[in-house]
Amino acid sequence: MTTARDRALAAALADARDRPDDEERCAELDRIAARADAADDPRTALSARFALVEAYLHRGERWRTVEPVRRLRATLARHPGLLDAHPDELVRLRRHQRQAVEAALGTPRVGLDQIRSLTDELADELGPDATPVAELRCRIADHLGDEPAARRAYQRWTAGDAADPVGGCPGCAPARRAELLTGWGEPEAALAALGRHGPHDGERDAADGAPDCTDQPERSLTAGLLPWLRTGAVERAARAHVRAYRRHRRERAAFPLLATHLRFCALGGYPHRGLELLTEQLPRLDRPADDLSAMEFAAAGALLCGLAAEAGLGGRRIHRPGHGSRPAAEVDVATLGAQLQALATALAGSFDARNGTGHQSGRIASWLAERPLAGPVSLAAESEFDEEPEADPADPGPPGPEEPAPLDAALLAAALAARREAVTAEPDGTLVGRWGEATIQFRVLGEVLHARVVAARTLPADRRAEAYAFCNAWNHDRLLPAAYVHEPGDGTLVLAAGVTTDLSCGVAPTQLAVLVAAAVRTGTAYADAVAALG
């Protein structure tokens with residue numbers, strides 16, 4: 001029986017989901033989860049921690065997902081059958097568990113025992129040779145410097161099901177494999193892993209790859225930069241760098257890829273170009289995605305500065321913004337290189353202290369010892385990097401993230417695909433997904449975006465008055481979604497809701513992503529409130 005305390009927790013959770021996406025919202029979700037634990041309300045505890053994990057992912061604080069994921073697992077251990085009727089939520093939890101392991105590898109603030117424990121739990125449930133488990137064990141072994149173990153796990157990973165819903169983006173799997181092979185000193189194998197993004201394929205072929213992945217082809221083009229340099233395909237690497245960096249220069253999630261762009265400039269003979277990139281991206285080092293990407297960015301920057309100084313550019317001054325107690329300053333290239341090397345070395349030492357190995361320090365030292373793989377080019381040749389290709393009026397290409405375009409099914413499908421959640425297409429073009437207690441249907445009706453939310457919980461027909469009172473109260477107190485009662489004629493009441501947005505003036509992809517996220521967030525809050533009815 002639902003108690004007043006249960007209803008209060010459900011209402012508090014709905015309120016927290018409607019808050020701005022800031023630190024206070026995360027703290028409130030954590031408090032609600034703790035209150036639900038104390039009240040022995042596992043469903044609310046699960047819902048609150050799912051929301052907390054997704055808030056951390058959205059804010060780019062992936063390493064903070066480890067603790068809520070661990071507590072989600074603990075809740076299931078206390079209530080083993082809790083998700084038996086919700087297999088989609090179990091997949092969602094396992095996907096978050098994989099993300100938590102990946103994030104934990106990026107910071108020394110999470111213990112190695114926790115990383116292995118989360119991985120072993122997945123192995124117990126999915127099997128030791130499951131694709132997500134094999135990839136995680138490959139990456140853990142590689143991070144620790146155990147290359148033989150990493151290669152054994154790599155074989156299991158590549159032999160597995162690339163479309164496993166718990167695994168990472170299948171469109172980016174070739175790039176992830178190529179990055180490992182590059183680190184193992186196998187550029188030809190890395191290019192083979194990239195498949196149709198290889199050095200002899202045309203630019204148009206590369207653009208056609210991985211149609212369901214919004215990170216492509218730029219992610220794979222970046223993964224190919226160093227292998228192309230090392231196999232002599234310098235021109236191919238240069239074109240790939242230009243194309244990929246035009247996107248990565250402004251994307252927050254692309255920060256971990258910037259180290260490869262800097263290393264390409266350093267090793268490809270483009271020191272001026274590299275220093276321009278370093279100057280542009282240096283402020284992002286103070287707010288990195290994680291410690292691992294900060295270490296790699298700093299190491300790549302130090303390498304670039306060292307080679308630039310050898311080329312006679314050591315006296316060039318670069319503005320480094322202030323951060324914390326560090327004042328803003330104009331520093332010369334040689335000084336900046338020393339600062340970046342000290343940061344990279346310190347972070348590598350932190351990882352090695354956590355891991356009990358010296359692998360990360362050795363890896364950074366090997367980066368700093370690299371020499372150019374291609375001869376230097378003239379400044380005139382370097383300026384070609386900044387030339388934008390002429391636009392083909394017959395093929396304008398997809399809109400930029402901030403560029404409004406007419407709403408259509410392809411634009412909506414791309415916005416949903418970017419969330420990397422399971423969505424299916426119905427024959428009429430409706431895109432349907434399940435988020436917790438909510439089934440949400442997205443439709444494009446001319447120039448209108450319509451999202452229909454259907455709560456999993458139904459009520460008997462004799463509770464019609466209560467259902468109408470609930471919807472009226474919801475619509476009185478909340479802006480979205482608009483709630484209503486549907487009677488299918490089978491003696492039950494379906495509580496549904498809708499969000500309709502007129503986009504006759506067009507919509508930018510970033511705006512559409514916000515609208516989709518708002519529909520999912522408010523729709524799941526509505527469905528959870530329905531589930532909490534007595």
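The protein chain holds 23 helices and eight strands, counted as DSSP runs of at least four residues (H or I) and at least two (E), numbered from the N terminus. Its radius of gyration is 25 Å, close to the 24 Å of the globule rule for 534 residues, so the chain is as compact as a globular protein of that length. That radius is taken over C-alpha atoms, and the rule is 2.2 Å times the number of residues to the power 0.38.

This is a predicted model: local features need pLDDT of at least 70, side-chain atom pairs count only at pLDDT 80 or more, and totals for chains, interfaces and linings use all residues. Residues are numbered from 1 along each chain as its sequence is written, and side-chain values use heavy atoms, with hydrogens and water left out.

**Overall figures**

| Property | Value |
|---|---|
| C-alpha box along the principal axes | roughly 85 × 55 × 50 Å |
| Accessible surface | about 23,800 Å² |
| Distance between mean positions of positive and negative charges | 4 Å |

Carbon and sulfur atoms own 54% of the accessible surface, computed by the Shrake-Rupley method with a 1.4 Å probe. The charges number 62 positive and 77 negative. Lys and Arg count as positive, Asp and Glu as negative; His and the chain ends are not counted. Each charge is placed at NZ of Lys, CZ of Arg, CG of Asp or CD of Glu.

**Cores**

Buried residues make up 49% of the 534. Buried means under 20% relative accessible area, exposed over 50%, partly exposed in between (1.4 Å probe, protein chains only). A nonpolar core is a set of buried Ala, Val, Leu, Ile, Met, Phe, Trp, Tyr and Cys residues joined through side-chain atoms within 4.5 Å. The largest has 67 residues; among those touching the most other members are Cys138, Phe264 and Leu340. Helix H17 (residues 291-313) supplies the largest share of this core, 14 residues. A second, separate core of 38 residues includes Val453 and Trp474.

Beyond its neighbours within four places in sequence, Leu340 is in contact (heavy atoms within 4.5 Å) with Leu278, Leu282, Leu285, Ala298, Gly301 and Ala302.

**Two loop residues**

Thr65 lies in the loop between helix H3 (42-58) and helix H4 (66-78). At 1% relative accessibility, Thr65 is buried. Outside four places in sequence, its contacts are Val53, Tyr56, Leu57 and Ala100.

Glu447 sits in the loop between strand S5 (438-445) and strand S6 (448-460). At 46% relative accessibility, Glu447 is partly exposed. Glu447 and Ser504 are 57 residues apart in sequence, yet 5.0 Å apart in space, C-alpha to C-alpha. Ser504 is also among the contacts of Glu447, including Leu407 and Thr501.
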